[in-house]
Amino acid sequence: MNDNFYQAFAKLLADTYTLYLKTQNYHWHVRGPYFKTLHLMFEEQYTQLAMGVDTLAERIITLGHTAPASFSEFSALRSIKEGDPKKTAEQMLAELCDDHELILKDLYKVLKIAQEHSDEGSIALLGERIAEHEKTHWMLRASKAY
Ligand SMILES: [Fe+2]
């Protein structure tokens, strides 16, 4: 795993962790007439993101590196912004949609490097992550009122 690959993979992990935390933040703080539905949907999503975090970190370690695993490392690497519990439900949905799009960009960047190295193990894992984020993006998009 060269440095480029490691940096891209580590950023993907940091963004995924940040989105996991943000989705849990919104599970706790979402308000409004659709509280119950969104509360439960966000729980399902942060649970999946937690599993994604684990899969990505363990792949980095499998490839012989140390995975970033602290808040200071994550905040230095991430580009996803932390959640704001004062946002409305609609703002939360819109923001989470944008964040999943950002992670899909991260994923395609890592996938491209994995393909250049014929790293089939990473390619398979990244493909699964892409499909999951696309599905979550659809569900968030479909939940917006506009
Ligand atoms: Fe809960």
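F9 touches I60 and V110, leaving aside residues up to four places away in sequence; contact here requires C-beta atoms, placed from the backbone, within 7 Å. The structure is a predicted model, in which local features need pLDDT of at least 70, side-chain atom pairs count only at pLDDT 80 or more, and totals for chains, interfaces and linings use all residues. Residues are numbered from 1 along each chain as its sequence is written.

The largest nonpolar core holds 23 residues, of which F9, L13, I60 and V110 touch the most other members. Two or more residues come from each of helix 1 (3-29), helix 2 (35-62), helix 4 (89-116) and helix 5 (120-143), and helix 1 gives the most, with eight. Such a core joins buried Ala, Val, Leu, Ile, Met, Phe, Trp, Tyr and Cys residues through C-beta atoms within 7 Å; buried means 20 or more other C-beta atoms within 10 Å of the residue's own. Helices are DSSP runs (H or I, at least four residues) numbered from the N terminus.

## Helix 4

The buried residues of helix 4 include M92, L96, D99, H100 and V110, and its buried residues pack against helix 1, helix 2 and helix 5. S118, which follows helix 4, has a positive phi near 50°.

## Helix 1 against helix 4

Helix 1 and helix 4 pack at about 160°, with axes 9 Å apart; axes are lines fitted to C-alpha atoms over the stretch in contact, and angles run from 0 to 180 degrees between N-to-C directions. The pair is therefore roughly antiparallel, a term for angles over 145 degrees. Among the residues that meet are F9 and D15 in helix 1, and D99 and V110 in helix 4.

Terms used. A residue is buried if 20 or more other C-beta atoms lie within 10 Å of its own, exposed if 12 or fewer, and partly exposed in between; C-beta atoms are placed from the backbone. Two residues are in contact if their C-beta atoms, placed from the backbone, lie within 7 Å. Angles under 35 degrees count as roughly parallel, over 145 as roughly antiparallel, 65 to 115 as roughly perpendicular and the rest as oblique.
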